[in-house]
Amino acid sequence: MGLEGRETAGQPRVTLLPTPNSSGLSQEFESHWPEIPERSPCVAGVIPVIYYSVLLGLGLPVSLLTAVALGRLATRTRKPSYYYLLALTASDIIIQVVIVFAGFLLQGALLARQVPQVVVRMANILEFAANHASVWIAILLTVDRYTALCHPLHHRAASSPGRTRRAIAAVLSAALLTGIPFYWWLDVWRDADSPSTLDEVLKWVHCLTVYFIPCGVFLVTNSAIIHRLRRRGQSGLQARVGKSTAILLGITTLFTLLWAPRVFVMLYHMYVAPVHRDWRVHLALDVANMVAMLNTAVNFGLYCFVSKTFRATVRQVIHDAYLPCTLASQPEGMVAKPVIEPPGLPKGAEV
């Protein structure tokens, strides 16, 4: 996230250098966005700190539970979709730790941004790499579902756990490599220099690789999937939307909606009014970052709502974790009664 929305109290006021955004568009908005020589105030106050604390306190345990459940399902069924969902959950966990905890809470709130700049820039690499990994794995899941529905014979012949793991490893490696250029991402709250051409290029690369291009892929593939299902219904075949397809549509729709405000505010910040110029843009960026980070914690509810198999596996994971605690709390010499295992997953059940 580039630490853009992290604001701290007690930071000295600085005089900002004039920005090169002197186009006709910015002059047109001059009356609405008067230039303020001081840093815009953080009107959100402690609300972001409370929000990110709750998000981390609830989202991280839920994501870990999701990862354990998906790991069991991937081992049991060896379906590519479970491996992709597991990798997506792992990426969300990294985002929660690196961006929400280390970025917003640790650097922004606890350390009051008194962190060496090289540490901040190294953290940028991990943050953008985690974002790229999460979005691009969702693209792999989308392509997998498209192939399974529109080209089933090719999907059966080509899909295997080994090939799936290699695809995931390639995406994670590419995400880490593409995160390196964001070492030079401009921190608008620390750097007094005007935005450079490099910074504008990095922001556009970020918007394209994390939002516009993935959303284009989601739109094309999801439209093809829905069109295929409609054609099946018109020809008299079963046109039921499978659980894997429903989860895919839910994941891509939530991502598109939750990340849209951040991308819009970022472009507005570049070409209309910088964040440090007006408290309204500052507030909009804070809210947009909070909404975007919600994307890391909502998938568990989606999986539980759609998949009975996932719900049964989650209950089994909680039961297995609760049983040793129950046995350990019993007095010595007491024999535990046999526990009836939960019923197995329904035969033929999918994601």
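The model is predicted; local features need pLDDT of at least 70, side-chain atom pairs count only at pLDDT 80 or more, and totals for chains, interfaces and linings use all residues. Residues are numbered from 1 along each chain as its sequence is written, and side-chain values use heavy atoms, without hydrogens and water.

Helix 9 covers residues 279-293. Helices are DSSP runs (H or I, at least four residues), numbered from the N terminus. The 15 residues of helix 9 should span 21 Å at 1.5 Å a residue; the expected span is 1.5 Å times one less than the number of residues. The end C-alpha atoms are 21 Å apart, which agrees. Buried residues (under 20% relative accessible area, with exposed over 50%, partly exposed in between, 1.4 Å probe, protein chains only) in helix 9 include V281, H282, L285 and D286. Their cover includes helix 2 (47-77), helix 3 (80-110) and helix 8 (243-271).

H155 is in helix 5. H155 counts as buried because its relative accessibility is 14%. Beyond residues up to four places away in sequence, H155 touches D144, R145, T147 and A148; contact means heavy atoms within 4.5 Å.

S160 sits in the loop between helix 5 (152-158) and helix 6 (161-179). At 27% relative accessibility, S160 is partly exposed. The C-alpha atoms of S160 and P80 are separated by 7.0 Å, although the two residues are 80 apart along the chain.

V49 belongs to helix 2 and is partly exposed, at 35% relative accessibility.

Methods: Helices (H or I, at least four residues) and strands (E, at least two) are DSSP runs, numbered from the N terminus.
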